[in-house]
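Please read them with the structure open.

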Amino acid sequence: RVAAGVKLASPVELVFIAATTGDKAALWNPRITIDIADGAEATVVEHHAGANAGTYVSNIVADVTVGVAARLHHYKLQAEGLDAWHLANISTHLARDAVYDTFVLNLGARLSRHEARQVLDGTGIAARVSGAYAISGNQVSDITTLIDHAKPHCTSREVVKGVIDGAARAVFQGKIIVRPDAQKTDGYQLNRALLLSDSAEINSKPELEIYADDVKCSHGATAGELDEDQMFYLRARGIPRDAARVLLIGAFLDEALDEIIDETVRAYFRARAEAWMGAR
């Protein structure tokens, strides 16, 4: 909990490290509560790790409250072991004039589901709800979001992009609801996927559910392969094919990573994404 008016100078990092005993599977159920009082500001980073930790399930519930004119930068790196299941549910309530910036980067787990619900329950709220994923093999990454505009004069922005290799599968379900009294809402949603193999799969379902008549809302979804013309351009200038491929994938993910406001966190997340690309 951050008290009213307090502005934390350094990020708070919550580290969850998975470990199992022998060949026994494990299950744990962490619960996270974040309460940012009126006028306060904080950066919170969740780091979920479990390389070579065996079979386990992380079942995480988080409750987030951001008070009047408060600011929260909430970032999550999911790098669980590749035999793990990662199930996360985040509920966020935002008060008048609050600013909420959240981003998830999914890299690990055999199956991960990140489900986030934001209720914009006051006027003048600005919410940025974005993410990225990079998966391969038989991994499944599911990012499901709901942004509920309950009051007028609020803005939301959502950019989710992912790279899918091997026989991996990604799911994006993003919904924006505009309640009848939520006039002057400005909502933006974008989902893009880059398929690196013939067996990669994306299931995308962007949604707008609007009950007000004075709003500005848009959404879009695309999926495709690496642009061979761009690849040719880079190779014609002496860049090897593998290096050119990494450059193009990195440029694709950068649009999503640029949504991270905190520069230190953005640089770290970008480095983790680049390490994934380098291993391809």
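Two strands pair if DSSP finds at least two bridges between them. The model is a predicted one, and that holds for every point below.

1. Strand β11 and its partners. By that criterion β11 pairs with β13 (residues 169-178), in the parallel sense and over 10 bridges. Within this pairing, D142 stands opposite V171 of β13. Strand β9 (residues 111-120) also pairs with β11, again in the parallel sense over 10 bridges. There, L120 has H149 of β11 as its bridge partner.

2. The eight-stranded sheet. An open sheet has eight strands with parallel pairing, in the order β1-β4-β6-β8-β10-β12-β14-β16. Its edges are β1 (12-17) and β16 (216-224), each of which pairs on one side only. On average, neighbouring strands of this sheet are turned by 5° against each other, direction ignored.

3. Pairing at β16. Strand β14 (residues 186-195) pairs with β16 over nine bridges, in the parallel sense.

4. Strand β6. Is this strand largely enclosed or open? Eight of the nine residues of β6 are buried, so the strand is largely enclosed by the rest of the structure. Nine bridges join β6 to β4, and the two run parallel. V44 is bridged to H74 in β6. Eight bridges join β6 to β8, also parallel. Here H73 has D101 of β8 as its bridge partner.

5. Helices on the sheet. Helix α2 (residues 241-257) lies across β8 (99-106), β10 (126-135), β12 (155-164) and β14. Its direction is at about 155° to β12. Helix α3 (residues 263-278) packs on the sheet and touches β4 (41-49), β6 (71-79), β8, β10 and β12. The direction of α3 makes about 20° with that of β6.

6. Aromatic pairs. The structure holds three of them. F103 and F269 form a tilted pair, with 6.3 Å centre to centre and 55° between the planes. F103 lies in strand β8 and F269 in helix α3, so the pair ties together parts that are 166 residues apart in sequence. F103 is buried, at 1% relative accessible area. F269 is buried too, with a value of 1%. Ring pairs link F103, F269 and Y268 into a cluster.

7. Charges over rings. K161 lies over the face of F252, at 4.0 Å from the ring centre. R237 lies over the face of Y233, at 3.7 Å from the ring centre.

8. R272. This arginine is found in helix α3. R272 counts as partly exposed, at 25% relative accessibility. Not counting residues up to four places away in sequence, R272 touches H47, L77, A79, L105 and L107. From R272 to P152 the separation is 120 residues in sequence and 38 Å in space, C-alpha to C-alpha.

9. Cysteines. How many disulfides does a search of the whole structure find? The search finds zero. C154 is in no disulfide, and the nearest cysteine sulfur is that of C217, 11 Å away. C154 is buried, with a relative accessible area of 0%. C217 counts as partly exposed, at 22% relative accessibility.

Note on methods
Residues numbered from 1 in each chain as written. Predicted model: local features only at pLDDT ≥ 70, side-chain atom pairs only at ≥ 80, totals over all residues. Heavy atoms only, no water. Helix = DSSP H or I, 4+ residues; strand = E, 2+ residues; numbered from the N terminus. Axes fitted to C-alpha atoms, helices over the stretch in contact; angles between N-to-C directions. Contact = heavy atoms within 4.5 Å. Buried < 20%, exposed > 50% of the residue type's maximum accessible area, 1.4 Å probe, protein only. Disulfide = S-S within 2.5 Å. Phe/Tyr/Trp six-rings, centres within 6.5 Å; stacked < 30°, edge-to-face > 60°. Lys NZ or Arg CZ within 6 Å of the ring centre and 35° of its normal.
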